[in-house]
Amino acid sequence: YFYILGLIIGLANGLFGSGGGIIAVPMLKKSGITTKESHATSLALTLPLSIVSCFFYIRNSDKILPDSLRLIPFGLAGAIIGGIIMNFWILAAAFLTGIFASLGLGGGMILILYMTIFAGYTQLDAQGINLIFFIPIALLSLIIHTKSKLVKWKKIIPSVICGIITAVIGCIIAKNIGNEYLTKIFAVFVLLTGIKELFTKVRD
């Protein structure tokens with residue numbers, strides 16, 4: 001089960017630059033661990049996959065690393081409203097992404113959607129920025145969750161190993177299919193994820 005989990009999460013992480021957490025949490029819950037443990041453990045799973053994936057994205061664009069570093073403080077500290085009004089909404093998106101990412105809820109979708117729809121970034125650049133943005137937030141949250149003994153490290157080792165393989169494959173696919181088709185595929189992924197979450201809440 002955990003090998004399959006890793007393969008799925010790795011592919012989503014590499015192909016979309018996000019989405020790992022929102023898939024991992026329900027799958028981890030089905031494995032028998034608690035909701036809190038699932039959220040915490042999903043971070044431990046997606047963090048190494050994001051590190052691997054971000055290297056592939058950085059190689060494709062010079063914008064990704066500097067733009068990521070500009071957003072990271074806002075994800076870590078929350079919504080710090082600066083004096084430049086025109087940057088407010090992208091910083092607000094970074095803040096919301098930080099909250100959801102720290103909970104292992106796939107907050108990267110928020111940032112990617114904002115950056116592609118409103119900020120004029122290409123799909124590949126937005127995904128790369130999101131991956132780098134996620135890393136320090138996940139690391140900080142993971143330290144807190146580990147101290148609370150919520151992370152099931154032994155369970156996810158097979159998932160991480162398999163996930164790294166498919167994360168690399170996902171990155172290669174994302175690069176080769178290009179921004180236009182990748183944007184459409186990402187839109188379908190977000191739509192299907194939203195429908196799933198909607199019906200899950202209805203059942204609960």
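Me: Which residues touch the most other members of the largest nonpolar core?

Reply: Bear in mind that this is a predicted model. The largest nonpolar core has 48 residues, and Leu5, Ile9, Ile23, Leu28, Leu45, Tyr57 and Met115 touch the most other members. Two or more residues each come from helix 1, helix 2, helix 3 (35–58), helix 4 (64–77), helix 6 (108–117), helix 7 (123–147) and helix 8. Helix 7 gives the most to this core, with eleven residues.

Me: What does the secondary structure come to?

Reply: Eight helices and zero strands. From the N terminus on, the order reads α-α-α-α-α-α-α-α. As for burial, 49% of the 204 residues count as buried.

Me: Why is helix 2 called largely enclosed?

Reply: Helix 2 covers residues 20–30, and eight of its eleven residues are buried, so the rest of the structure largely encloses it. The buried ones are Gly20, Gly21, Ile22, Ile23, Ala24, Val25, Met27 and Leu28. After the helix comes glycine 32, with a positive phi near 110°.

Me: How do you know that the span of helix 1 is close to what is expected?

Reply: Helix 1 has 15 residues, and from first C-alpha to last it reaches 21 Å. Glycine 17 follows helix 1 and has a positive phi, near 70°.

Me: What makes the pair of tyrosine 1 and phenylalanine 2 edge-to-face?

Reply: A search of the whole structure turns up four aromatic pairs. In the pair of tyrosine 1 and phenylalanine 2, the ring centres are 5.7 Å apart and the planes stand at 85°. Pairing needs centres within 6.5 Å, and edge-to-face needs planes over 60 degrees apart, so the pair passes on both counts. Elsewhere, ring pairs link Phe16, Phe186 and Phe189 into a cluster.

Me: Why is tyrosine 1 called partly exposed, and why is phenylalanine 2 called buried?

Reply: Buried means under 20% relative accessible area and exposed means over 50%, with partly exposed in between. Tyrosine 1 has 44%, so it is partly exposed. Phenylalanine 2 has 16%, so it is buried.

Me: What makes the contact between lysine 152 and glutamate 37 a salt bridge?

Reply: Their side chains meet at 3.3 Å, N to O. The limit is 4 Å between a Lys or Arg nitrogen and an Asp or Glu carboxyl oxygen, so this pair qualifies. Lysine 152 sits in the loop between helix 7 and helix 8 and glutamate 37 in helix 3, so the bridge ties together parts 115 residues apart in sequence. Lysine 152, at 29% relative accessible area, is partly exposed. Glutamate 37, at 14%, counts as buried.

Me: Which residues make the nonpolar surface patch?

Reply: Leu11, Ile165, Ile169 and Ile173 make it, over about 320 Å². Helix 8 (residues 153–203) gives the most, with three residues. Leucine 11 is found in helix 1 (residues 2–16). Its relative accessibility is 35%, so it counts as partly exposed. A patch residue needs over 30%, so leucine 11 clears that cut-off too.

Me: What is the phi of lysine 149?

Reply: Near 60°, a positive value in a residue other than glycine. Most residues other than glycine have a negative phi. Lysine 149 lies in the loop between helix 7 and helix 8. At 70% relative accessibility, which is over 50%, lysine 149 counts as exposed.

How values were computed
Residues numbered from 1 in each chain as written. Predicted model: local features only at pLDDT ≥ 70, side-chain atom pairs only at ≥ 80, totals over all residues. Heavy atoms only, no water. Patch = residues over 30% accessible without salt bridge, like charges linked within 9 Å, V, L, I, M, F, W, Y side chains within 5 Å. Areas by Shrake-Rupley, 256 points an atom, 1.4 Å probe, with all protein chains shown as cover. Helix = DSSP H or I, 4+ residues; strand = E, 2+ residues; numbered from the N terminus. Buried < 20%, exposed > 50% of the residue type's maximum accessible area, 1.4 Å probe, protein only. Phe/Tyr/Trp six-rings, centres within 6.5 Å; stacked < 30°, edge-to-face > 60°. Expected span 1.5 Å × (residues − 1). Core = buried A, V, L, I, M, F, W, Y, C linked by side-chain atoms within 4.5 Å.
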